[in-house]
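Let's walk through this one together, a chain at a time. Have the structure open while you read.

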Amino acid sequence: MEMMVASAIGILTACGVYLLLRGRSFPVVAGLTLLSYAVNLFLFASGRLQTQQPPLILPGATEFADPLPQALVLTAIVIGFAMTAFVIILALRANLQLGRDRIDDPPPGDGT
Amino acid sequence: MNHWIIAPILLPLAAAVLLMFSADRGLRLRRIINLAATLGVLAIAAALLDSTLDGAWQTYAVGAWPAPYGIVLVLDRLSAVMLLLTALVALFSLLYAVQGADAASRHFHALFQLQLMGLNGAFLTGDLFNLFVFFEILLIASYGLLLHGGGGARLHAAMRYVVLNLAGSGLFLIAAGVLYGATGTLNMADLALRVAAAAPGGDALIRAGALLLLVVFGLKAALLPLCYWLPETYSAAAAPAAALFAILTKVGVYAILRIFTLVFPAAAGDWLLALALGTLALGTLGALVSRNLRTLACYLLIASIGTMLAAAGLFNAPGIAAAIYYMAHSTLVTTGLFLLFDLIARQRAAARDRLEPAPAVAQPALLGALFFLAAVAVAGVPPLSGFLGKVLVLQAALAVPAAAWVWAVVLVTSLLLLIGLSRAGSAIFWKTAAPAALGAARLPPAAVLPAALALGTSVLLAVLAGPIGALAEATALQLLQPAGYIESVLGSDPMIAVTGTGR
């Protein structure tokens, strides 16, 4: 299971970084999303991988799943989701208003 | 427990909620709420700073959950100084904004208060993940403020800024995950104990986490390889937003100071000093080739970050004291610069703030005098605070082997900054194409006041250099005693905490 989770994180990160380095806003947003999936999985795995264990320290229990990373992941998911929504709206507005989609272009003339 | 410690977070939050609900009411009401809240935060910050002068650490367990299980806020001198600095910068920016610049979007005031909440929270928190959350709050607010006023250039700059910071947030989470996986805690005091208890030479995972954090904070602070986003972003922002952003980079500086004295002493090592000197050189070169005043202000900001991080990178008490004094100076002066340059742009009609021949400004004496004051403060010419700050940095550098490098870079860049500022000043005020138009609008005194106040703090910092320098030194000494911080958070027998929750 460790191998699977580790390769999943690695592949997601690699794809995310590759897409992030593209010039157009859609691949960049998709890359950010993949990157945040990888980060969430990584955070989750930082509490060690356990199956079928209670997230509590019960009397007499020797094994338990760490509940803290799950709470951290939940926070990270909420923030990541909101930011993805924001960046999509921003990309759409930039696309409509500037009439172009590349984000590595030089800035438009002093249009403010 | 001193409940006032959480007030700098709760008051802006409450004000932001109120402001959001009054978005459809009059602008006047929103201005009054925002001003009242900002003044309230300023008063609380001043009272909190006063309460830290005895040198004790004050902790506040949120929800009364004891550390290291719950989140703690920790107030020490450095946090209190940063709170006061934030409140001052906010007040100057707001005084400028309420004179008309805030009318362009309905939620300017709400975003402004949310920004304050994120900043204050980041300065107070004693938990690494909570620091991430407050970083996100202040970033989200800054995305909105950056877009204030609209326009293509702002949209373009915002898109890049948002993408870059989202990638930075991802890195922060990875660093937090690595540190949690390696130590089993995110409470900074607890983390410090466990990092110190790890094998001598350090666990490779812990060191990797520490340097990842340096990358993240370097991105926020605009440290050398990660500083190219700043000129485009800040020069696109509206003047009051850019003036408020002067404190935003200091969050990165603060986090570096906090984490690399408390949790990972000596983990950043020579990296920070070398990169900071590079940042200073790059900011100076950028200032020399800037073609408009806003870009000039951005590169001056980068140069000042280089100076203060070079001082912080010495990691000795005089160095950190110099960094804190220089941070107070440069943050307030940068705020003044962004406001002053906007005033100049408003009087130059079509040429705006570009350094090219244009009709003269309508009030050359007033604006020229302020520009001169700003240039003296920024370049580090006696008698203003920039000079004193740089002297402190140079004195502190004497203790380290790299002193020659620090002296050479700081002195040469000061000369180059002086040249760059003289060039900009003469292009604006002397190389005029025509006398000022007869009907050119003169600025009301109230419009000049915020910039004059912000730049005037440089005089105040120089006059009060004795007490303020002593405060900076006491702050540095407190920062270099991580044992006191840890004890105040975890209690007097913290080893129980280490063994009691061992994984």
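Helices (H or I, at least four residues) and strands (E, at least two) are taken here as DSSP runs, numbered from the N terminus. This is a predicted model, in which local features need pLDDT of at least 70 and side-chain atom pairs count only at pLDDT 80 or more, while totals for chains, interfaces and linings use all residues. Residues are numbered from 1 along each chain as its sequence is written, with chains lettered from A and ligands numbered from 1 in the order in which they are written.

Start with chain A. From the N terminus on, its elements read α-α-α, that is, three helices and zero strands. Its C-alpha atoms fill a box of roughly 70 × 25 × 15 Å along the principal axes. Chain A has a radius of gyration of 19 Å, whereas a compact globule of 112 residues would come out near 13 Å. (That radius is taken over C-alpha atoms, and the globule rule is 2.2 Å times the number of residues to the power 0.38.) Of the 112 residues in chain A, 26% count as buried. Buried means that 20 or more other C-beta atoms, placed from the backbone, lie within 10 Å of the residue's own; 12 or fewer makes it exposed, and anything in between partly exposed.

Now for chain B, with 21 helices and two strands. Its radius of gyration is 22 Å, close to the 23 Å that the globule rule gives for 503 residues, so chain B is as compact as a globular protein of that length. Buried residues make up 59% of those 503.

For a close-up, pick helix α2 of chain B, residues 27–52. Its 26 residues should span 38 Å at 1.5 Å a residue, and the end C-alpha atoms are 37 Å apart, which agrees. (The expected span is 1.5 Å times one less than the number of residues.) Among the buried residues of α2(B) are B:R30, B:I33, B:N34 and B:V41. Their cover includes α1, β2, α3 and α4 of chain B.

Finally, where do the chains meet? Taking contact as C-beta atoms, placed from the backbone, within 7 Å, 26 residues of chain B are in contact with 30 residues of chain A. On the chain B side, α5 (128–146) and α6 (152–183) are the elements that give two or more residues, and α6(B) gives the most, with 19. That side divides into 15 nonpolar, seven polar and four charged residues. Here Ala, Val, Leu, Ile, Met, Phe, Trp, Tyr, Cys and Pro count as nonpolar, Asp, Glu, Lys and Arg as charged, and the others, Gly among them, as polar.

Methods. Contact = placed C-beta atoms within 7 Å.
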